[in-house]
Amino acid sequence: MNVILLGAPGAGKGTQAVRLAEKYNIPHISTGDIFRSNIKGQTPIGIVAKSYIDKGQLVPDEVTIQIVKERLEKEDCKNGYLLDGFPRTVSQAEALDTFSKVEAVVNVDVPLGKLLKRITGRRVCGKCGESYHVDYLNGKTDCAKCGAELIQRADDNEVTVASRLEVYEKQTAPLIEYYAQKGVLLTVDGDGDIEKVFNSICEKLG
Ligand code: AP5
Ligand code: MG
Ligand code: ZN
């Protein structure tokens with residue numbers, strides 16, 4: 001199954017993707033995670049990506065498309081994949097159509113007003129990538145899954161988030177219509193608890 005998770009920053013794409021990848025046994029491919037690991041390793045891609053991510057802007061299409069194209073050619077994608085954070089522009093979606101067949105696009109829909117709180121309260125595991133929210137951590141500072149230290153993402157500050165949300169509205173939201181017209185769009189209410197959202201996605205995916 002070739003699936004895309006669409007949604008605004010903080011909608012819960014990463015949170016759901018980890019669970020869906022396990023259930024459907026397909027790789028979770030997050031372009032944001034790929035960029036962050038390149039930034040950590042100070043690779044040429046990381047250096048380019050950092051200059052855009054720090055400002056809450058999109059990394060140029062030609063860089064991003066090439067990364068995803070190469071990733072989808074890997075052996076573990078032959079039975080499907082779960083893309084989280086790609087495509088994010090109509091050009092990326094058009095490019096993807098030339099090298100893969102998208103079967104389902106899940107739009108995780110969360111009211112704009114709730115996103116800022118979700119993002120600024122997010123803490124992520126520096127090792128396994130699991131996401132948490134300070135409201136549910138009860139002061140804990142380590143990962144419940146692997147014990148590593150929780151960190152705050154560099155782009156999870158109010159200034160960068162404002163720009164990420166604006167970029168989403170302008171450049172990514174048009175993909176909802178793009179995929180609706182192709183008849184592959186599934187919209188899920190992302191404003192419930194994590195389990196509830198997970199169950200609605202599974203129901204829609206069948
Ligand atoms: P990326 O890493 O993809 O960030 P994003 O799209 O801004 O999305 P987030 O990761 O912030 O949110 P999420 O939907 O994964 O939410 P999460 O599950 O963590 O991209 C980062 C940057 O990289 C971009 O700005 C761009 O510069 C660049 N980039 C990436 N892809 C690109 C592309 N294709 N083209 C160009 N540039 C690209 O949840 C958020 C919080 O909410 C957590 O605290 C979580 O615990 C909590 N939460 C989750 N679900 C629920 C729930 N149901 N109820 C309550 N709380 C919840
Ligand atoms: Mg994410
Ligand atoms: Zn962890």
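## Cysteines

Searching the whole structure turns up zero disulfides, a disulfide being a pair of cysteine sulfur atoms within 2.5 Å. This is a predicted model, where local features need pLDDT of at least 70, side-chain atom pairs count only at pLDDT 80 or more, and totals for chains, interfaces and linings use all residues. Side-chain values use heavy atoms, with hydrogens and water left out, residues are numbered from 1 along each chain as its sequence is written, and chains are lettered from A and ligands numbered from 1 in the order in which they are written.

Take Cys 77: the closest cysteine sulfur, in Cys 202, sits 20 Å from its own, so that is too far for a bond. Cys 77 is also buried, at 7% relative accessible area, while Cys 146 is partly exposed at 34% (buried is under 20% relative accessible area, exposed over 50%, partly exposed in between; 1.4 Å probe, protein chains only).

## The sheet

Five strands make an open, parallel sheet, ordered E2-E3-E1-E4-E8. Strands E2 (28–30) and E8 (185–189) are at the edges with a single partner strand each, so one side of each has no neighbour in the sheet. From one strand to the next, the twist averages 20 degrees.

A strand here is a DSSP run of E, at least two residues, a helix is a run of H or I, at least four, and both are numbered from the N terminus. Strands pair if DSSP finds at least two bridges between them. E4 (residues 104–109) pairs with E8 in the parallel sense over five bridges, and Asn 107 stands opposite Thr 187 in E8.

## The helix across it

Helix H10 (residues 194–205) lies across E1 (2–6), E4 and E8, and runs at about 155 degrees to E8. Axes are lines fitted to C-alpha atoms, for helices over the stretch in contact, with angles from 0 to 180 degrees between N-to-C directions; contact means heavy atoms within 4.5 Å.
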